Each structure stands twice: as C-alpha cells, then as structure tokens.
Amino acid sequence: MPAMLYRFLWIFFIYAFLGWCTEVSYAALVTGKFVNRGFLNGPWCPVYGFGVVIVLGCLTPLSGHLPALFAGSVLLTSLLEWLTGFALEKLFHQQWWDYSDQPFNLSGYICLRFSIAWGFACVFVVRLLHPTVLALIHLIPRLVGIVLLGLLGAVMAVDLAATVAAIIQLNRRLAQIDELAARIKEASNEFGENLADKVLDAVERSAGWKEELEELSFKLSERRAELADEREEWEQRREERREQARLQLEEWHASMQELLDQKSFGHRRLLKAFPRLRSLDHSRALERLHRRIEHFRNR
C-alpha cells in the first residue's frame, strides 16, 4: 500500500470516529440523552473523515496563514455538506437534516452558523490536533496498520450495506402506510363520514374505536346499497353487508397498526438519529410513524 494512501486512510477513519464523538456529544448536550447521530450504525461519521481528508489535502499549504485557512475551511466543508445532503436526497428521496429555520441557509442543507463552526473546527484540527494524530499513526506498526485498515474497511462496507437496506425497507414501509391510508380515506368518502381520521388516530394513540364501528359499518353498507339502488335486496342482506364492512375496517386497522409497530432497529435508529428527517414522497406516512413512536415513548 502506498504510504500516502495508507496515511490518508488512517486519517479518514480516525476523524470519522472523532466526528461521531462530536455529534454524539453535541446531541447529549442538547437533549440530555445518548443518541447515535451517525448515518451508519457504527461509531463513525464518514462525512467528517472525507471532510478532514479534503481540507488537509487542499489547505495544508495555507496552515501558516490563519485567515486563508479559516476561509478555505468554511468554503470546502460547506460545499461538502451541501453535496452530501443533495446526494442523499436524490438517492433516497429524503432530506436528512434541515437548516431552513436558520438564517442564511441554502436549501436547508447548509447555514452560515454551522459553516462558521466548521471553519473554526478545521483550524483547530490543522493547527493543533492533526500533528498528534499523525504521531499516533506513526506509532502503529505498518503491517498491523494495514490489517486494521482492511478490517475497518470491511466492517464499514457491511455497515453501509445494512444502512442502505434499512432505508430502502423504510421507504417501502412508508409507501405501504400511505397506500393503506388512501384506501381508508377512499372508503370514508363513500358515505361522507370522517372514518379515515377516526381509524388512523385510533391506531396512532392505541385508542379504542370499536364502539363506533357498528354505526360506521352500518352507514357504509347502507350508502353502498343506496348508490346501487338495491334497497330491497339490501334489506335481506343487511347483516351480511354490515359484517363485511366491519371485517374490512378491522382488517385495515390491524394492517395499519402492524405497519406502524414493526420492530426494526435500523428504522428506529435512523428516525432517532435524524429527528428532522423529511420524506419527499411519503411525508404524511413518516409523520404518522413519528407520532406512533413518540406515543409509545411517552407512555
């Protein structure tokens, strides 16, 4: 392995870990709780690793000129954060963080406040922290270092594959929630009752709703019969229609509850790590899932 590649790989992994520690510490200060804020499951944030590698590769010649180092760090890290947010949105149809409520933001991906913070952080890294990191890298025997890099790379690759699979499954789950909600709303529109909201709210709150089911199923079957101009036949099949409507409503309720209550470590971790995650295709379904999780968290 070429010496430069070896060194840059170690820099990437070390700062990916330190970046994860920074994110976790910041979240702990804000929320008072431990939150794994990384995109991946493991203790690393690759964007920090890439960011430091890019800054060191481009700005090391400016390390002796503090204003230029700071300005270059602000520009490079802001560009990297914007590109990362844009790429993740295009790949997964989700916006993972949102600075829209911050002044001087660009598309919600970056904002002046954090760009300045990244600039100061990079100055600290280049001028103070990095010499110590390089000294630690030189302490690792070359063969041991290569083996460790191979292991770290393999573990991160598996972690990345697992995270991507979890995101794909989450998007599929959100699509199913939206599809089922649309069916309930369509049935609700047939007889002008607010059936959709009653069923969906009951699922999210784990509230009882069967006391209203008799009346709702009766109205559903009656309206369908009236539209078909089958009043006489409907009188004969009234109980059968009511039972069918009841079973259909119960099936929808159970299916929605199952979707919202699916046990998935990957989904829950991502939603906890990115509380402002926004789905471009299934925003309502994601809101329902957030409310369901929050309901159980507060019980």
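**Exercise A**

Explain why Thr 60, at 40% relative accessibility, counts as partly exposed, and describe where Thr 60 sits.

*Solution.* The cut-offs come first: a residue is buried under 20% relative accessible area, exposed over 50%, and partly exposed in between, with a 1.4 Å probe and protein chains only. Since 40% falls in between, Thr 60 is partly exposed. The model is a predicted one, in which local features need pLDDT of at least 70, side-chain atom pairs need pLDDT 80 or more, and totals for chains, interfaces and linings use all residues. Residues are numbered from 1 along each chain as its sequence is written, and side-chain values use heavy atoms, leaving out hydrogens and water.

Next comes the location: Thr 60 belongs to the loop between α2 (46-59) and α3, where helices (H or I, at least four residues) and strands (E, at least two) are DSSP runs numbered from the N terminus. A polar atom of the Thr 60 side chain lies 2.4 Å from the backbone oxygen of Leu 56. The C-alpha atom of Thr 60 is also 7.4 Å from that of Val 126, although 66 residues separate the two along the chain.

*Solution.* A nonpolar core is a set of buried Ala, Val, Leu, Ile, Met, Phe, Trp, Tyr and Cys residues joined through side-chain atoms within 4.5 Å. The largest one has 56 residues, and Phe 39, Trp 96, Trp 97 and Phe 274 have the most contacts inside it. Helix α5 (residues 142-191) gives the most to this core, namely 10 residues.

To look at one member, take Phe 39 and leave aside its neighbours within four places in sequence; its contacts (heavy atoms within 4.5 Å) then include Leu 88, Trp 96, Ile 167 and Phe 274. For the protein as a whole, which has 299 residues, buried residues make up 41%.

**Exercise C**

Where do His 93 and Phe 104 lie, and is each of them exposed or partly exposed?

*Solution.* His 93 is found in the loop between α3 (66-92) and β1 (94-95), and it is partly exposed because its relative accessibility is 39%. Phe 104 is found in the loop between β1 and β2 (105-106), and with 68% relative accessibility Phe 104 is exposed. Neither is a glycine, yet the phi of His 93 is positive at about 60°, and that of Phe 104 is positive at about 55°.

**Exercise D**

How many salt bridges does a search of the whole structure find, and where do their partners lie?

*Solution.* A salt bridge requires a side-chain nitrogen of Lys or Arg within 4 Å of a carboxyl oxygen of Asp or Glu, and the search finds 2. In one, Asp 101 is paired with Arg 276, with the closest N and O atoms 3.3 Å apart. This pair links distant parts of the chain, 175 residues apart: Asp 101 is in the loop between β1 and β2, and Arg 276 is in the loop between α10 (265-273) and β4 (278-279). Asp 101 is exposed at 52%, while Arg 276 is partly exposed at 43%.

In the other, the side chains of Glu 287 and Arg 284 meet at 3.9 Å, N to O. Both residues lie in helix α11 (residues 283-297), 3 residues apart, which is about one turn of the helix.

Methods. Polar contact = N/O pair within 3.5 Å; in protein donor to acceptor, adjacent residues only side chain to side chain.
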